[in-house]
Amino acid sequence: MSTRRVTIVDKDPILRQKARAVQPEEFGSAELNRLAEDMIETMYATDGVGLAAPQVNVGLRLFAMDTGDGPAVLVNPKVTARSKKTAVETEGCLSCTGQEVKVERFRDIAVAAQTLDGQKINFTAKDFLARVIQHETDHLNGILIVDK
Ligand code: ZN
C-alpha cells in the first residue's frame, strides 16, 4: 500500500469531471484492489472520513470511507431513495483545504452499490453516514462542497 497525492480544487481538473463506472471485467483485478488499498491508506494519512477516486486523480466511480466502523469501499454507488427531511451541517473536504461550507443533505438515503469483487449491495443510511455517502457520491459527479 502507498499513499497518493490528494487532488486540489482549481488545480486538478479531474475533480470537476464525471467519473466513469467500474466495468465488470475490472472487479477483482489487482489494479482495482491496489487503488482501493491506496485510497484507504491515503484517507487515514490525511485524517479524512471519506475519499473518492477522483481525489487521487483516478476517474472511476468508487470511494473509501470510515465513519467509525472500519474501512469500507463502495463501487458504482447510487443513491436510490431520499428522505423528505434534510439537515444542514458544516463540511470540509480534503480537496478544498481550509474551506468549511454549510451543506444541506438528505437525512436518510437508500444506496445501491457494489463491493470490490463486484457483489451487489443495497442498504439504508442516515445522519452522518448518509452525509458522507452523499458528499463522496458528489465527487464522482464532479461536484464539490464549494459548489453548494
Ligand atoms: Zn470531499
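Tutor: Contact here means heavy atoms within 4.5 Å. Please keep in mind that this is a predicted model.

Student: With that in hand, which residues is leucine 62 in contact with, leaving aside its neighbours within four places in sequence?

Tutor: Beyond those neighbours, leucine 62 is in contact with Val22, Leu32, Leu35, Met39, Ala52, Ala53, Val73, Leu74, Val75 and Leu140.

Student: Which residues touch the most other members of the largest nonpolar core?

Tutor: That core has 17 residues, and those touching the most other members are Val22, Leu32, Leu35, Met39, Leu60, Leu62 and Val73. Two or more residues come from each of α1, β2 and β3. The largest share, 6 residues, is given by α1.

Student: What does the second core include?

Tutor: It is separate and has 13 residues, among them Ala52, Phe63, Ala125 and Val132.

Student: Let us stay with β2. Which way do its residues point, and are they buried or exposed?

Tutor: Leu62 and Ala64 point one way from β2, while Phe63 and Met65 point the other way. All four of these residues are buried.

Student: What is the strand order in the open sheet?

Tutor: The sheet has 5 strands in the order β1-β2-β3-β6-β7, and the pairing is antiparallel. β1 and β7 each have a single partner strand, so one side of each is left without a neighbour in the sheet. On average, neighbouring strands are turned by 40 degrees against each other, direction ignored.

Student: And what packs on the sheet?

Tutor: α1 does, touching β1, β2 and β3, and its direction makes about 40 degrees with that of β2.

Student: How many bridges join β2 to its partners β1 and β3?

Tutor: There are 3 bridges between β1 and β2, which run antiparallel; leucine 51 stands opposite alanine 64 in β2. β2 and β3, also antiparallel, are joined by 4 bridges, and methionine 65 has alanine 72 in β3 as its bridge partner.

Student: What happens at glycine 68 in the hairpin of β2 and β3?

Tutor: The hairpin has 6 residues between the strands, and glycine 68 takes a positive phi near 120 degrees.

Student: Turning to pockets, what is the volume of the largest one, and which residues are closest to its centre?

Tutor: Its volume is about 290 Å³. Of the 18 lining residues, Val49, Gly92, Cys93, His135 and Glu136 are the closest to the centre. β4 and α2 are the elements that give two or more residues to the lining, and the largest share, 6 residues, comes from α2.

Student: Where is isoleucine 145, and what does it touch?

Tutor: Isoleucine 145 lies in the segment after α2. Not counting residues up to four places away in sequence, isoleucine 145 touches Glu91, Gly92, Cys93, Cys96, Gln99, Val101, Val103, Arg105 and His135. The C-alpha atoms of isoleucine 145 and cysteine 96 are separated by 8.0 Å, although the two residues are 49 residues apart along the chain.

Student: Why is isoleucine 145 classed as buried?

Tutor: Isoleucine 145 is classed as buried because its relative accessible area is 3%, and the cut-off for buried is under 20%.

Student: Finally, is aspartate 10 buried or exposed?

Tutor: Aspartate 10, in the segment before α1, is exposed because its relative accessible area is 81%, and exposed means over 50%. Aspartate 10 and serine 95 are 85 residues apart in sequence and 9.5 Å apart in space, C-alpha to C-alpha.

Technical notes:
Residues are numbered from 1 along each chain as its sequence is written. This is a predicted model: local features need pLDDT of at least 70, side-chain atom pairs count only at pLDDT 80 or more; totals for chains, interfaces and linings use all residues. Side-chain values use heavy atoms; hydrogens and water are left out. Buried means under 20% relative accessible area, exposed over 50%, partly exposed in between (1.4 Å probe, protein chains only). A nonpolar core is a set of buried Ala, Val, Leu, Ile, Met, Phe, Trp, Tyr and Cys residues joined through side-chain atoms within 4.5 Å. Two strands pair if DSSP finds at least two bridges between them. Axes are lines fitted to C-alpha atoms, for helices over the stretch in contact, and angles run from 0 to 180 degrees between N-to-C directions. On a 1 Å grid over the protein atoms alone, a cavity is a set of points where a 1.4 Å probe fits but cannot get out, and a pocket is an open set with protein on both sides within 12 Å along at least five of seven lines; lining residues have an atom within 4 Å of a point. Grid points are joined across faces, edges and corners, and a volume is the space filled by probe spheres set on the points.
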